[in-house]
Amino acid sequence: MAAAAAFVALAALTSFVRLPLNPPPPPHLSKTVDMNRFWDVESEFKPESVLTSEIIKAYVLRGQLDRAEEWMHHLLYLGTLPKPRAFVALIEGNAHNPSRASHWLKKMSDLAKKNPGLKPPVRAFAFAIAAAACIADYETVDKHLELMRMHLVPPDAFVMLASLEAYKRGGQSDKVEDLTKELKKRGLMNHRVAQKYMAWTMIRTGQPSLVKEYLRRLGVSGIQEAVALLQTSVRAGNYHEGIMNMQTLLRLMDKEGQFLEKKEREDILSSAYGDIMYLCWKKAFHTETLDWYNKSIANGVNQTYDIQLNALRTLAVKDGIQCEKLFNHMLSVHEDVGHEAYCTVIEGLADAGELVRARKWVLRMRKMEHKLDASTYEKLILKAVEQKTWEDAEEFLDMELRDRVVPTNQTYLKVIEHVAYSEEARENRIKRAENWIRRMFNNGVYVLPKAVNCVIDARRELGHSEKAQHWLFQMLKFGIKPDSQSFLLAQRACAMTGDGDTAEKSIRVQRTLMNPETKHYNAVIEALARAYNDLALKQDRARIMFKEMLVDDYVKPNPSTFLAVTTNLVKNGWSDRMEEYYSLVFNAKSNAKPILSTYNRMLRIYANDEPPKSKQIVKTFKDMVAAGIKPNTVTAKVLEDTFGWQMRESMLAEAGHEAVKPDATAAPRVLRSGGDMRKPGQRPIEGQDWFCNVCGEKNLAKVTSCMGCGIARPDVIRRRKQVELENLND
C-alpha cells in the first residue's frame, strides 16, 4: 500500500509539472493588501516577511510567475527575507521550467547558510527534482541530492521516486539499482516493480542482452518482449537489429494481435512504426523511412503525430514541396502541431530553394509568437547567400535579432562581409555594416572579431583612422578580444593618414592583450614617421618606437621595418641616420636580407641628400647587382635623376640590365634651389625643350617625336586621342 501511495504521489507531481497553474487568488489578500504599495522603493513602509510571503504565493497561484519573481528579487534587495514557503511556492510554480526551479532552490540554499531559518524543506527538493526528472536531467538531480545531504534533510518517498524516474530516463543503471534497493528496504517497492525499473533503464541504455535477462525474470514474452527489444534497438542505434525486431513484432501481431483490444493493438503498431521510422531517419536512411511510412498507410495504422513527424523530417531532406504538403495535412489532422514540425518544413523549403514559401511559414510562425531555432535561421540565410538574394538574407537576420535568437557565426558573418564589401556607395555600405554590428552588440551576441574586422578594414580603405580605432575599442567594451588582424587593420589605417597618436595608443593597448608582431610595429612606426616627419624635432617618435621594437624579444625587424622607419628620411635625405637604421635592421641577429625596395629607398635618400652622395649611390647599385637583385624602373628613374640618362644607360648596360627604362610616374629627385624641374614624367611646357617619358631623351621644343625612341610628345598623344573620341561621337 505504501508503494502504491508513493506511485500516486509521483504521478501527481509529474502531472503538475505538465499542467499550468491558474487558480483564483485568495480573496482575503486581494481585498486587504495594496500590492503596488510594496513595490515603491522610496516607500517608508517596511514590508513584513509573513505578509510578503503570502503575496508571492498569491502571484504564483494567479499564474503570474514573472511578477512573483520580481517581488522576490525586490525583497531580497531591500534586505527582507521571505519565509521558506515563498521560495517553495516559486519552485512549485516553476515546475514546468527546471532551470528556474533549480535557480530558486540554489538561492534558498545559499541564503540558508547565513540564515538557518531558511533551511529548504523536503517539499522544495521534491518539486525541483521532479521538474528535472521530466527532462531526464539526472546531473541536476545529483546536485539537489547533494544539497539535501548538506542541509541534513532526509529524503522522503517523493524525492526518492522522482530521483528514480530521472535516473531511469537517463539510463543510469547503477543508481537505479541502488535506489530500488533502498526503496525495497523501506517497504515502498516490491521486487517485481524494482525489476521493471531495471528493465526500463536497460532499454534506455540500449543493452539488449540485459533487457532480455530482466524480461525473463519478469516472465515477459511475446509481443511485449518484441516491443521492448525494438525500443532497445532504437536507443542503441542498431539499424539491422531494429529491422529484425520490427519484423518479429509484425509477425507476432498477426498471430497474437487478435487477442488484444483494438485500442491496445493500434497503440502498439503506431508506436512501433514511429520507432522504426525514427531509427531510419537518425541513420539518414531516407528511402527506408518513406518505405515504412507508406507501409503504415497501406496497413491502416493510425497515423500518429510521431509517425508523420518522422516522415516530415525525411521529406525535408528529399523533397521540400512534398514536405509542405504533408505539413498542411498535419495541420488539418492534429490540433497542436509542435515547434519542431514548423522548423522542419521551413528547413525543407530552404534546402529546396523555395525561400518565398519558407518566408510565408516563418511569418506565420512568428505571428503565433513562436521563435525559430538558430539552425533554421542559419539554413535560410545561407541559402539566400547562395542564391545571392541579399535582401532576403538581411531580412531573415533582422527577424532573428528581433526574436532575440543568438545567430550562429556563419549567419551574420556572411551578411556583414557582403554589406561591407558590396558595390554600394562606400560610405553607405559601411554605415549599414556598422549598424548590424551595433545591433548584435546590443542583443548580447558575442560577435567574432572577423566580423568586426570587416568594418575596420572598410574604414581603413576610406582612411578613417579614428573610426577604425573606435570599433577596435568597441570590441573591448563588449568583452570581445580583438585578434591580431584587428589591431593590424586599425594601425594600417593610421599609417595611411599619418595618425601617429592613435596608432601609438593602439599598440599600448595591444601589449596588454597579446604580444605585437613585427607587422604591427611596422604599421605604427610608419604612422609616427608620417605624422612627425620634421627631423629637427628634439624627439623622433618613430625612432623611439623603433628602439622599443629592438628591445622586444618576441619580434625581429625585417625589410618592411626599414622602409617604415625611413619614411621621413626620403624627403630630407638624411643618409647618416638611414645608414644607422640599415645596420640595426640587417645584421646577424635579425638574419634579415635587403630586398629591391630596400635598395631603391637607399638610392632615393642618397640622391635627395645635400649634396647628393654619388659614390654611395654607385656603391649601393653595385651591391644590389652583386646580390642578384634585378633593378626596376624606379631604380632607373633615381639613377637618371642623379646622373642623367646617358650615365643611367651605361650603368644598367654594365650590370646587364640595359632593357630597364625609368618609371615615368615615379617622383623625381628633390632638387634644391636653381634646379631644373622639367624632368621625365612632367608635362612639357609649351615653347620649351622637353624630356621623353620613356627613354628620358631631351628634345627641342619644335620636335613632336622623341629623337631617341620615336614616341610622340605627350601633348600630341593627348590631342590625337581627343580627336579620335570626337570622331567616334560623331
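Which residues does glutamate 504 touch, not counting residues up to four places away in sequence? Please tell me about its surroundings too.

Modeller: Happy to! Do keep in mind that this is a predicted model. Leaving out residues up to four places away in sequence, glutamate 504 touches Val524, Leu528, Arg541 and Met545.

Let's start with the helix that carries this residue. Glutamate 504 sits in helix H29, which spans residues 500-513. The axis of H29 comes within 8 Å of the axis of helix H30 (residues 518-531), and the two cross at roughly 155°. Angles over 145 degrees count as roughly antiparallel, so H29 is roughly antiparallel to H30. The crossing of these helices is left-handed.

Now for the residues where they meet. H29 contributes Gly500, Ala503, Glu504, Ile507, Gln510 and Arg511, while H30 brings His520, Tyr521, Val524, Ala527, Leu528 and Ala531. Sorted by class, this contact has seven nonpolar, three polar and two charged residues.

Back to glutamate 504 itself. Its relative accessibility is 15%, so glutamate 504 counts as buried; the cut-off for that is under 20%. The side chain of glutamate 504 also has polar partners. Another, of 2.2 Å, links the side chains of glutamate 504 and arginine 541.

Methods:
Residues are numbered from 1 along each chain as its sequence is written. This is a predicted model: local features need pLDDT of at least 70, side-chain atom pairs count only at pLDDT 80 or more; totals for chains, interfaces and linings use all residues. Side-chain values use heavy atoms; hydrogens and water are left out. Axes are lines fitted to C-alpha atoms, for helices over the stretch in contact, and angles run from 0 to 180 degrees between N-to-C directions. Helices (H or I, at least four residues) and strands (E, at least two) are DSSP runs, numbered from the N terminus. Angles under 35 degrees count as roughly parallel, over 145 as roughly antiparallel, 65 to 115 as roughly perpendicular and the rest as oblique. A crossing is left-handed if the near helix is turned anticlockwise from the far one by less than a right angle, and right-handed if clockwise. Contact means heavy atoms within 4.5 Å. Ala, Val, Leu, Ile, Met, Phe, Trp, Tyr, Cys and Pro count as nonpolar, Asp, Glu, Lys and Arg as charged, and the others, Gly among them, as polar. Buried means under 20% relative accessible area, exposed over 50%, partly exposed in between (1.4 Å probe, protein chains only). A polar contact is a pair of N or O atoms within 3.5 Å; within protein, one must be able to donate a hydrogen and the other to accept it, and residues adjacent in sequence count only if both atoms are side-chain atoms.
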